[in-house]
Structure formats: structure tokens, C-alpha cells
Amino acid sequence: MDAKELIEALNQLEKEKGISKDILLEAIENSLIAACKNNFGKADNIKVNIDRNSGEVVVWAEKRVVENVEDEVEEISLAEAAIKFPSEKYEIGDTVNIEVTPKNFGRIAAQKAKQVVVQKIREEERKAIYNQYYEKEKEVVTGVVQRYIGNNISINLGKCEAILMEGEQIRGEVYRPNDRIKVYVMEVRETTKGPRVTVSRSHPELVKRLFEAEVTEIRDGVVEIKAISRDAGSRTKMAVKSYDPNVDPVGACVGVNGNRVNAIVNELRGEKIDIITWSDIPEVLIENALSPAKVVSVTVNAEERTAQVIVPDYQLSLAIGREGQNARLAARLTGYKIDIKSEAQGKEKPKKKADTGYYDEMGNWMGEE
């Protein structure tokens, strides 16, 4: 590659790859300075200049003008400077630029230019891929299951691979090679080997993003998902609010004959989804959150973020749920610690329990004896 071909190649790369010619030339110049150490022992005072139009490479040595030379690499005597540059009047301490381009330096320059260009292209391609997937952070993408890496899974996202960590998988869900699955992009980090993308199947935001993609009213801002809580693979509770009195937020999310919610349930492989209406009134919100259980009354302590809920005797097990799941999800959804009692229990007086205590989501008393 001669000087002219180099410039033509860099101009073409700038057009096709969007990589600045000046950035490439600066990188080549820096690599050539390092290469000059083989000729000069050190390159601290060496400068390489590549003409931006012709591609001609010139190597300069900056030398300090001194009376008596002690370091021939960095110094030049006043007498020698006067001989080399008769038209200039140098004084002790001035700096002189002397061309020291080695023989056959064009071949060295071509080799270094090729190495730098290849490296820069790789860097720019990695950067472009990183930027592409960084924009997808906190979004849902479709990937193809590649292989297991220990207990983690490699997911092909197209131009890069993502890692589905064991802790971000849905418990009990089986993944087979070539399965197409939707994943939530948790984090995109730049590394020397390209972007490292971490994804999740268990994150609550996955469900939220799936509804945003499926439900037109959510995309348009007519319906908003106000809160969401999830036991991945088992059950999700989601509270929605409508900003149009003519639009039922729950109905919009469920869809005609349940087609919208069923599409998401199928994507989550059978996970149950409870959709409730959001309310700014805590008592109403908590009552809705405990659905499908019926509620008799809700008493809220807003300062302590606690609530006492009374349900019919026959509804107590339903309100608490299997292993406390319904109460636990309702507590996460509302942000309140919920004490659920049946009507019969509500009439009983607490036995040596502190008045300021509460039952946690599992039904355990958290007060003092």
C-alpha cells in the first residue's frame, strides 16, 4: 500500500464505517512513533506527520540547541544547527526540527497502518454494537437459546450474546437450544471483548414491558401500570389506572376474550396474572390487591404503612393464599404491611400482644410479647 492508496482507503472507510479519517491517521502516527524506538533507541522527542492529502510520511526529531552535545538523540550543537539551517538564527535553548525519516519507512508505515485500521474497525464495530444494545437497556428483546454455561444460559440476541444468570431464570422453566424467548435487558456493559449483556426472565419489569408492547392503550398513555409485584413463574399482580373515563384499564389489559393477557401468559409459560384497578385511596387499593378474596373492611395506619384487613371466615385462606403468596404480593404491590384476619378473629382480643405490632405477608406476628 503506497501513500496515495492509504489515503484513498481511509476516505472509503470514513464513508462506509463512519470512522473519522483524522482519528485513524492520528492513531497511525502514534503507532509509528512507537515503531521509531527500534531506530532511535527512544522516541520521546520523535514526531511523525502524515500529510492528510498525499499520505506522505515524515519523521521529525525535536532537538534542543546546546553549546556542547551530551545526548545526540535529543541535542544539537549551535554550530551544527547553523550549518544545517543557515537561513535560521538559533540560540542556546531553542528547539530544532530535523527530518530523520528512516530508509524503507514506507513499508513499516504500511504495516502499522494496516494493523491500526483493522484494530480501529474492530473497536468501532464493538462500540456500535454496544450503543445498539445499550439503547435497549431496560427493554424487552427476543433471543434464541444457545447453550448452557454451567447453570447460566447463553442467549443469542443477533449481533451479540447475552447471559441469562441462574438467579434471573424462572424456577422450573426448561430452556432448550434454539428456543425463542423474550428477555428483559437488565444491564449492558462495555468490555474489551465487546458488550456484556445481562438479561432476566424473572424481573417484574419483564411483565410490565410485555403489557406495554401488547396493549395499545398503555403505549398511548391512556392506561398506566402503576405498580407490579411478581413471584416469577407462579403469579403476578399488577395495578393499572385509566386516564380516560370511557376506558376500563383492567378490560384494556385483558383484551377481548382475554386475548391480550393470554398472549403474555403464554410467553411466561402459564404464569397467572391478576390485574386490578389502581386507587389513590389506600383502603380501596389494598382491597383490590387482595383479589380474588372478598374483603369486609380495611383499616390503614398511613404513618406506619400498615393495614388491618378483615375478611369473611371462609375467605381467610384465599386472602392469605398458598404459602402466603396472595398476601405477600398484595403487600409488595401496595407498599403496606398487611395483617389479615377473619371476622371471627377480628372479634377476639389480642393476647398479650403489643398494640403497635402487625402481621407480615406470611401471617407472622411482628409485634412484641
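Keep in mind that the model is predicted.

Let me start with the whole chain. It has 369 residues. Its secondary structure comes to 13 helices and 15 strands. Now the dimensions. Along its principal axes, the C-alpha trace spans about 110 × 50 × 45 Å. The radius of gyration is 35 Å, whereas a compact globule of 369 residues would have one near 21 Å.

What share of the residues is buried? For this chain, 41% of the 369 residues count as buried.

A word on charge. There are 55 positive and 63 negative side chains. The centres of these two sets lie 6 Å apart.

Next, contacts along the sequence. Take contacts between residues at least 6 apart in sequence. Of these, 56% join residues at least 24 apart.

On to the cores. The largest nonpolar core has 23 residues. Inside this core, the residues with the most contacts are L10, I28, L32 and V57. Which elements build the core? At least two residues each come from α1 (3–17), α2 (21–35), β1 (46–50), β2 (57–66) and α5 (105–134). Helix α5 gives the most, with six residues.

Look at L32 up close. Set aside its neighbours within four places in sequence. L32 then contacts V48, I50 and V57, and also F105, I108, A109 and K112. In terms of elements, V48 and I50 fall within the range of β1, V57 within β2, and F105, I108, A109 and K112 within α5.

There is also a second, separate core. That one has 22 residues, including A293, V309, A319 and A327.

Last stop: V185. This valine sits in strand β8, residues 180–191. Is V185 buried or exposed? Its relative accessibility is 2%. The cut-off for buried is under 20%, so V185 counts as buried.

What does V185 touch, leaving out residues up to four places away in sequence? The list has K136, E137, K138, E139 and V141 on one side of the numbering, and V197, T198 and V199 on the other. Take K136 from that list. K136 and V185 are 49 residues apart along the chain. Yet their C-alpha atoms are separated by 6.8 Å.

To recap: a core of 23 residues, a separate one of 22, and a buried V185 in β8.

Note on methods:
Residues numbered from 1 in each chain as written. Predicted model: local features only at pLDDT ≥ 70, side-chain atom pairs only at ≥ 80, totals over all residues. Heavy atoms only, no water. Core = buried A, V, L, I, M, F, W, Y, C linked by side-chain atoms within 4.5 Å. Buried < 20%, exposed > 50% of the residue type's maximum accessible area, 1.4 Å probe, protein only. Helix = DSSP H or I, 4+ residues; strand = E, 2+ residues; numbered from the N terminus. Contact = heavy atoms within 4.5 Å. Rg over C-alpha atoms; globule rule 2.2 N^0.38 Å. Lys, Arg positive; Asp, Glu negative; His and termini not counted. Charge placed at Lys NZ, Arg CZ, Asp CG, Glu CD.
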